Amino acid sequence: MQYVGMALLGILGVILLLLAAAVIRTLALPHKTAGYQMSQDEERKALYAEKLSKMVQVETVSEKGKSEPEKFRKMHDRMEELFPTVFSTCEKIEIDGNLMMKWKGRTDKEPLLLMSHIDVVEATGEWKHGPFSGDIAEGRVWGRGAADTKGSVMCFYQAVEELIQAGYVPECDVYLSSSCTEEVGGDGAPKLVNWLKDHGVHLYMLCDEGGAIIQDPIGGVKGNFAAIGLFEKGHGNVKFVARSNGGHSSAPGKNTPIPRLAKFVARVEKKTPFQVKFSPAVEGMFAQLAPYAQSFPLRLVMHNLWLFKPILKKVMPAISPQAAAMLQTTIAFTMQSGSAGFNVLPQEASVIGNLRYIPHQGMEESVAVISALAREYGLEAEDLGGNGPSRELDLEGEAYKLFAKTVSSVFPEVGIMPYVVIGGTDARFYGDVCDNCIRFAPLCFGPEQMAGMHGLNECIEIGALPGGVDCYKAVIKAQEERKA
């Protein structure tokens with residue numbers, strides 16, 4: 001017993017020493033604040049708002065399985081009216097409503113591509129301003145696509161328009177790319193990628209949507225942060241089926257299809273079957289956010305992941321579902337079916353799970369894990385297809401460091417944070433033709449903008465538009481620094 005007591009005291013001593021080291025490290029960490037001042041240049045705000053308004057007014061809803069290239073060519077025509085210098089100077093590549101412009105640089109080596117999609121989701125319900133009105137009111141441009149993502153398309157076209165008018169010649173070729181099928185996961189972006197492949201173009205870097213300047217990224221951290229997406233999770237769907245001989249509901253047996261499915265769903269909801277792991281992107285995110293944490297205990301934890309990582313793995317789901325989704329493959333049960341009659345036990349019932357795959361446990365392994373668990377409940381699992389996660393951008397690489405430095409130069413008061421994109425973007429199709437895929441739109445999205453994307457009353461503050469234009473200009477010019 002004496003030896004046990006001494007061992008426990010030794011363990012306690014080690015723990016106290018580790019905590020003391022963590023406290024000392026945190027006390028030495030400067031406390032920071034992250035602010036953001038939108039542009040006060042009324043002339044630029046008015047000009048950019050008017051251009052975005054006219055883009056929003058062109059209805060570009062995409063529908064799965066439906067090809068409408070003429071609808072999107074109307075959008076191209078509108079863009080040519082708004083950005084005449086771009087269209088008269090650059091080479092136009094149009095493929096079935098998908099648009100790419102090539103701005104010739106001093107060299108065709110290691111080109112840059114700026115991209116966002118021009119299609120939008122449907123706009124049902126009662127809107128404060130018509131979904132395709134493009135109204136400019138209350139300091140905002142209103143309408144479907146204002147934020148997702150005609151706002152960023154307007155900004156990089158305007159950036160190139162102004163640079164060309166100023167006589168600027170880019171260091172490398174610059175491509176402007178916009179698919180018309182992003183919202184439905186269509187083949188628009190792959191068609192543009194195939195064009196690049198056919199013409200022997202391999203990109204040094206691209207910048208797509210995914211991250212943005214966001215407010216209060218996690219609980220206890222206040223301010224505005226440039227969330228630079230390093231990779232995006234994959235996605236797919238799996239159908240889980242329970243079978244039986246059916247029967248009349250007046251004499252139900254035990255463990256019929258729907259209860260089996262319910263037990264399986266409850267088990268998955270209670271405890272994830274997927275591996276929880278901190279990627280370099282998430283570790284980098286916490287490291288960058290730590291100085292901005294409002295409370296000392298939160299700074300202590302975030303600044304000392306070497307000590308607190310095991311605890312964070314357990315508590316992250318309670319802190320933030322979005323943050324927890326950055327650590328693991330997730331599954332959300334979205335559809336279900338059973339019998340057609342109130343009094344009929346189904347011979348077959350099913351639920352469909354939508355999975356978002358994390359790189360450390362990709363598509364094949366994640367499907368295998370959830371399928372094995374389903375078999376324990378007598379269920380069959382059918383993989384309905386999907387795609388794996390993208391390659392992760394190197395936090396220590398030249399491209400990320402240069403991009404983060406460029407963003408900081410345009411938004412000096414904004415914090416910089418690496419970010420995991422838990423949704424899907426067109427950038428996932430460019431992995432074969434691009435070394436460094438960055439997912440970041442240089443626009444400020446507050447709670448109102450986040451709620452409006454794919455929802456009612458989508459809008460964007462016009463004060464955010466000049467900063468977006470300036471950031472794309474800086475990204476283009478930054479290639480000179482890399483080539484120097």
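In this predicted model, K473 is buried, with a relative accessible area of 18%. Its side chain meets that of E162 in a salt bridge, at 2.5 Å from N to O. K473 belongs to helix α15 (residues 465-483) and E162 to helix α5, so the pair ties together parts that are 311 residues apart in sequence. E162 also counts as buried, at 19% relative accessibility. Both values fall under the 20% limit for a buried residue.

A search of the whole structure finds 26 salt bridges. Another of them involves helix α15. K405 pairs with E481, and the closest N and O atoms are 2.9 Å apart. K405 lies in helix α13 (residues 398-410) and E481 in helix α15, so this bridge ties together parts that are 76 residues apart in sequence. K405 is partly exposed, at 49% relative accessibility. E481 is partly exposed too, with a relative accessible area of 43%. Elsewhere, salt bridges that share partners join E59, E63, K66, E68 and K71 into one network.

The side chains of K222 and D216 meet at 3.8 Å, N to O. K222 counts as partly exposed at 45% relative accessibility, and D216 is partly exposed at 36%. D216 is found in the loop between β8 and β9 (224-232). Its phi is near 45°, a positive value in a residue other than glycine.

N457 likewise has a positive phi, of about 60°, although it is not a glycine. This residue lies in the loop between α14 and β19 (459-461). At 23% relative accessibility, N457 counts as partly exposed. The backbone also contains a cis peptide bond, which joins D148 and T149 with omega at about -5°. T149 sits in the loop between β5 (140-142) and α5 (150-165).

Helix α6 (residues 188-198) has a buried set made up of G188, A189, L192, V193, W195 and L196. Seen down the helix axis, these residues fall within an arc of 155°, so they line one face of α6. The buried residues pack against five strands: β1 (91-95), β2 (98-103), β3 (107-115), β6 (172-178) and β7 (203-208). The helix is followed by G200, whose phi is positive, near 65°.

The largest pocket has a volume of about 1,300 Å³. Its lining comprises 44 residues, with E209, V421, I422, G423 and G424 nearest the centre. Elements that give two or more residues to this lining are β8 (213-215), α11 (321-325), β16 (415-421) and α14 (447-452). The largest share, three residues, comes from β16. By residue class, the lining divides into 19 nonpolar, 17 polar and eight charged.

The second largest pocket has a volume of about 560 Å³. It is lined by 17 residues, of which P321, A324, A325, Q328 and T330 are the closest to its centre. Two or more lining residues come from each of α10 (305-319), α11 and β14 (348-357). Helix α11 gives the largest share, four residues. The lining divides into six nonpolar, six polar and five charged residues.

Note on methods
Residues numbered from 1 in each chain as written. Predicted model: local features only at pLDDT ≥ 70, side-chain atom pairs only at ≥ 80, totals over all residues. Heavy atoms only, no water. 1 Å grid on protein atoms, 1.4 Å probe; cavity = no way out; pocket = protein on both sides within 12 Å on 5 of 7 lines; lining within 4 Å. Points joined across faces, edges and corners; volume = space filled by probe spheres on them. Nonpolar A, V, L, I, M, F, W, Y, C, P; charged D, E, K, R; others polar. Buried < 20%, exposed > 50% of the residue type's maximum accessible area, 1.4 Å probe, protein only. Arc of directions from axis to C-beta. Contact = heavy atoms within 4.5 Å. Salt bridge = Lys/Arg side-chain N within 4 Å of Asp/Glu carboxyl O.
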